[in-house]
Amino acid sequence: MRIDLERCNGCGLCVKDCPVAAISLQDKKAVIGQTCVECHTCFKVCPRGAVHDELVPVAGAKECNHCPVGCRIPEGLTGACGRYTNRNRQMLRTRPLLTYAEVAQELGPEPEMLIERPSITAIGAGGTYPDYMPAPYIVSHERDGVDVVTVVTEVPLSYSGLKVKIDTDLEVGREGAAISFEGRTVGMVETEEYGSKMLAIGGVNRLTGRHGFAAARAVAAIANREAVQLKVRGGAKLEIQVGKPPVIEGQMVEKMRVGCGSASAGLFATFFLDAADEVIVLDQHITSLFSHHASGRCLGLSPSGVELCFKQSTPGRYFGTHGKGWGGTDLADPLDIVSQVDISVTAPGSTLLITETTGQDAAMYVLGWDGKYQPTELTPKAREAVSALAETCQRSRVSAVYVGGAGGSARAGAVRYPLRLTRAVHQAKAVLTCGGSKVFVLPGGGITFYADVEKVRPGSFTWVPTPATVAPIEYTMRLSDYEEMGGHMEAIKPFQAEEPVPWNRCK
Ligand code: SF4
Ligand code: SF4
């Protein structure tokens with residue numbers, strides 16, 4: 001690679017995306033250093049065509065043939081994916097292969113079915129390339145008197161991404177809004193799920209699009225449980241790390257709400273009954289007005305003369321607004337929810353409690369003779385109700401599932417008749433795991449799976465600058481079924497649990 005200094009404007013995109021940190025900016029110009037592995041990422045990412053595809057011969061460099069990128073790796077250095085090192089012109093894997101026993105503790109209870117656990121994981125296994133070749137490890141061993149086969153590969157998946165779940169009622173941005181990582185679009189805000197905001201990061205169209213390298217890096221970083229900063233267009237700045245509380249616009253979110261305002265009215269009705277004459281639970285989805293709500297009426301309350309400014313869904317339930325105010329609504333002053341009070345129904349002196357669904361913020365009011373509520377201290381019973389809400393909240397956290405599409409060429413390393421493998425996966429004759437963790441395979445055609453990244457050893461995901469993300473996948477099945485689906489029988493090696501698996505072998 002050679003930089004055309006006339007064209008380079010020092011934008012730094014190549015510096016961000018170079019997988020081996022071989023480029024730096026000097027005097028606002030990109031400079032390629034000695035650790036370059038000729039992966040062509042900078043050539044593809046430069047918006048000004050300032051990187052020329054010129055091979056700079058390096059003595060002792062060796063071309064890696066484990067994926068279509070074909071890095072030319074100088075002696076002692078590691079390729080773009082971080083998986084292979086050139087030692088004396090031998091391509092060696094950089095990390096040991098992990099057996100199932102070595103990750104089992106992180107996976108929880110032992111699965112019951114014979115083929116639900118692999119003998120070895122694909123973490124550290126290396127890839128299968130070109131695809132028709134047998135997977136790097138195909139091992140068999142006897143389990144409960146039955147011969148079982150595990151096929152593993154660290155497979156680059158162009159069809160891959162993440163669904164990120166952020167437990168919060170804070171506004172992150174409107175659904176469909178673009179999400180950027182280091183200034184480039186890598187995903188979008190998706191439909192909210194109960195009490196959580198959802199983000200989609202990566203996916204084939206982003207990986208193969210203009211900002212594919214940034215998308216691949218973001219997916220690998222989040223899946224490996226690293227801290228990542230994202231920005232929602234027109235929305236919030238997010239600091240996320242799987243397993244940790246999210247930070248939204250610089251504010252660490254402590255609590256996940258109990259449910260919507262209506263659910264809160266139902267769950268805490270007996271507390272609300274004693275807390276005040278009227279209780280409003282402010283929530284961006286469904287805000288509740290207790291005395292009008294079914295739970296209040298069932299407890300003998302008559303609808304008060306309080307009216308709310310939100311649109312009513314059913315009695316006592318109102319569709320909320322979205323914003324940075326109380327309960328994720330756009331109301332900075334909670335009392336703005338009250339549009340009017342009929343003092344012929346609700347007498348002066350009546351109390352009103354307004355709370356968020358998390359119980360994080362709550363306020364108490366007493367109705368004056370002018371028909372206006374005035375702030376007052378929370379009564380002990382009101383405090384008790386708010387505490388009941390707050391104590392029921394779960395800790396807010398970030399979680400993510402990796403979404404992989406393994407129903408394409410990745411099947412060839414496992415079997416000669418790919419459709420038979422797809423069918424076997426859907427019929428539970430072959431069990432797919434990711435880093436040893438059982439995945440959820442989406443119904444319908446293909447092999448598209450969800451893997452909980454918290455059940456996969458950190459560092460197991462990487463990316464190659466095709467660009468695609470790389471995930472460890474394993475298929476485990478009975479030997480007889482494997483043979484029937486055209487398995488690479490000649491490549492099977494026996495696996496002895498007590499013997500270390502030779503891991504530094506490369507084809
Ligand atoms: S070719 Fe790859 S390794 Fe070399 S400088 Fe460009 S991005 Fe970095
Ligand atoms: S990205 Fe990794 S597997 Fe692909 S050629 Fe480079 S070192 Fe080899």
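Two residues are in contact here if their C-beta atoms, placed from the backbone, lie within 7 Å. Among contacts in the protein chain between residues at least 6 apart in sequence, 66% link residues at least 24 apart.

## About the model

Welcome! This is a predicted model, in which local features need pLDDT of at least 70 and side-chain atom pairs count only at pLDDT 80 or more, while totals for chains, interfaces and linings use all residues. Residues are numbered from 1 along each chain as its sequence is written, and chains are lettered from A and ligands numbered from 1 in the order in which they are written.

## The overall picture

The protein chain has eleven helices and 37 strands; these are DSSP runs numbered from the N terminus, with at least four residues (H or I) for a helix and at least two (E) for a strand. Its C-alpha atoms fill a box of roughly 90 × 70 × 35 Å along the principal axes.

Of the 507 residues, 50% are buried, with 20 or more other C-beta atoms within 10 Å of their own C-beta atom, placed from the backbone.

## A strand between two partners

Strand S11 (residues 160–167) is largely enclosed by the rest of the structure, because seven of its eight residues are buried. Strands pair if DSSP finds at least two bridges between them. Seven bridges join S11 to the antiparallel strand S30 (residues 398–405), and seven join S11 to S14 (residues 196–202), also antiparallel. Val 164 has Ala 400 as its bridge partner in S30 and stands opposite Leu 199 in S14.

Terms used:
Buried ≥ 20, exposed ≤ 12 C-beta atoms within 10 Å, placed from the backbone.
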